[in-house]
Amino acid sequence: MNFLVRSLRFLPGAGFIGLAIAMAGCGGGGGSNPPPVTLAVTLGSANVVVPQDGTAATVQVTISGPSGTATVTVGGLPAGVTEQFAATAGGPSGTLTFTGSATALAGTYTPTVTVNSAGQTASTNFTLVSAVVAKVGASTDTTLGVKGVLKQFMSTSFQVAEWDGDFFGTGATARETTMNALGPQHIRLQSVSQGVAMSTNTGTASDWDFTILDQTVQPVLASADHSPEFQIATAPAWMCDSNGYLDVTNHVKDFAAYAANLVRYYNKGGFDWGGKHFQSPIGQPITWWGIFNEPNGNGITAAEYVTIYNTAVPAMLAVDPTIKLSAVEFSDYGLGTGDGGDPMQYLPTFLSPADAGGVNTQVNIVSTHFYSSCNQTDTDVDLFNTIPQFAANVTYFYKELQTRSDLASVPVWVTENNVNADYQGANGMSTCNPGQVFVDDHRGTSAFFAAWRPYVFSQLGKAGNQALYHWAYSGDLQYGEVDGSNNTYLSYWVDKTLETLYPSTAASPGPKILVLNATDTSSVETLATEASNGTVTVMVADRAVDAPTDNNGKGDPRTVIVDTSNLGNFNAASLLTIDAATSASNGPTGVGVTPAERMTITLQGYGVAFLTLTP
């Protein structure tokens with residue numbers, strides 16, 4: 001309006017007066033200037049995803065208000081992200097371009113765009129996501145897995161004892177169906193307490209009782225791959241000393257005879273004792289056998305374990321030469337620490353030359369156990385930080401196996417794995433921390449597990465581990481995949497998905513591990529594989545912690561851009577996500593997505609996503 005008045009001020013007086021009156025309005029009062037035009041700024045999108053690989057991200061900036069030059073600034077950007085504003089012809093609106101880098105921490109930020117013009121200031125906030133970029137290569141990474149192959153299969157475990165009850169006793173068919181759907185291979189059976197079939201040594205039939213043992217063993221023999229691993233976890237009580245440990249000096253041959261009778265019971269038509277015949281009700285034999293559970297935590301020195309193994313295994317093979325053996329079954333929690341959980345203090349003795357006190361009989365598998373904690377107060381950060389150590393231990397096992405030419409090709413299995421190894425002791429106190437009240441660690445079944453277990457699976461598989469066993473199948477919120485009533489936990493669906501998407505059997509040893517370069521490995525775990533039919537699966541696990549003190553926290557959101565430009569075209573794609581929003585009863589549901597060279601995956605906190613690309 002001011003411009004119009006200035007333009008007309010040289011007209012004849014009558015005309016100017018008339019215009020002034022018209023502008024004064026109907027009220028006839030004195031003239032006044034209109035209010036100034038207010039400066040405003042809006043963005044074309046409230047969310048801007050900035051890849052860490054330097055690919056530019058743009059957003060339109062619309063500026064309205066007084067004419068003149070506008071200055072645009074952005075505050076609150078994370079370090080490693082730069083911005084540049086370019087006005088369109090005629091201005092003042094334009095385009096903001098953001099460029100990220102690998103130094104920009106992945107995560108979500110809330111910067112502010114501020115505009116200054118004609119003495120006025122306007123601002124607006126927006127969400128900026130610093131996105132991880134995972135670029136998948138077309139070649140196999142032969143430095144990972146077993147010469148580039150992910151040979152790791154998933155399985156689960158049962159501890160057979162009086163406190164477990166008869167899990168399969170009610171609705172056995174439905175329970176077996178649920179377990180079979182998990183797809184476990186060589187389900188592990190660990191007999192302890194009254195699950196140990198031999199109680200005394202009087203020479204009478206009452207010395208043996210398979211009732212509790214077979215309540216679980218028989219359904220498992222009839223399920224899954226019909227080929228469980230039976231771990232002879234401990235010795236019968238009468239062979240043990242006052243501390244409950246096997247008296248190796250006086251009873252190692254008795255233990256070997258006991259183990260041989262177990263093989264007879266399941267594989268060779270049974271045995272006679274005290275005038276009674278003992279024989280497995282089902283004709284399915286047990287091929288896989290483990291010798292002792294965590295000997296380093298059960299009073300057995302490394303040299304004593306070699307004696308036990310070298311004595312028991314030949315006795316078992318004499319009964320059935322077709323069986324296969326899992327050795328060591330180590331309680332592994334301290335590589336290089338020099339303490340009782342350090343395999344460096346145990347494995348070299350076992351793997352010494354056969355003529356120098358080492359193992360001198362058949363070894364098919366060397367096994368170990370990994371838990372991230374034995375203390376419920378450990379933070380999420382503490383637990384995630386243990387996982388690279390798991391992989392380092394597996395690498396160490398393989399290094400030691402290479403010292404024996406006859407054992408150099410023996411694979412490593414992780415036959416127990418879970419978040420927390422603690423359990424309730426006397427008077428409700430923690431077993432690992434006697435001065436601390438025991439509290440169930442629900443991270444074994446929460447969304448935390450949906451990030452933790454895939455991270456474990458990926459790291460161990462890349463290190464060449466060939467089996468990963470959940471501890472244990474039926475249990476509480478700390479340990480289980482299902483509860484005592486066969487209701488599934490979130491952990492069940494995590495493990496089922498890993499087994500389904502990454503099958504590894506003797507007939508099909510597993511997919512190839514593809515080269516993958518990720519701009520962030522500190523909070524996101526990625527794994528890319530290619531099956532024999534050309535299907536590519538990319539796993540993205542969000543293990544970003546929201547706060548350093550979190551214990552079973554929610555995690556921090558992460559966005560990952562999967563770059564498949566090196567792989568060519570795909571005809572179809574699907575995305576399956578497991579996180580806090582996933583139903584523990586029904587499991588996850590995959591959704592179809594459009595294949596593209598760059599595909600975005602966003603997890604809102606702890607969880608895992610699987611992108612499957614079909615040629």
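Visitor: What is the relative accessibility of F255?
Guide: In this predicted model local features need pLDDT of at least 70 and side-chain atom pairs count only at pLDDT 80 or more, while totals for chains, interfaces and linings use all residues. Residues are numbered from 1 along each chain as its sequence is written, and side-chain values use heavy atoms, with hydrogens and water left out. Buried means under 20% relative accessible area, exposed over 50%, partly exposed in between (1.4 Å probe, protein chains only). F255 therefore counts as buried, with a relative accessibility of 0%.

Visitor: How many residues apart in sequence are the parts that W208 and Y258 tie together?
Guide: The whole structure holds 38 aromatic pairs (Phe, Tyr or six-membered Trp ring centres within 6.5 Å; planes under 30 degrees apart are stacked, over 60 edge-to-face, the rest tilted). W208 and Y258 are stacked, at 5.8 Å centre to centre and 25° between planes. W208 is in the loop between β13 and α4 and Y258 in helix α5 (DSSP runs numbered from the N terminus: helices H or I, at least four residues; strands E, at least two). The pair therefore ties together parts separated by 50 residues.

Visitor: Is Y258 buried or exposed?
Guide: The relative accessible area of Y258 is 3%. Y258 is therefore buried.

Visitor: Which class does the ring pair of F255 and F292 fall into, stacked or tilted?
Guide: The ring centres of F255 and F292 are 5.7 Å apart. Their planes stand at 55°, so the pair is tilted.
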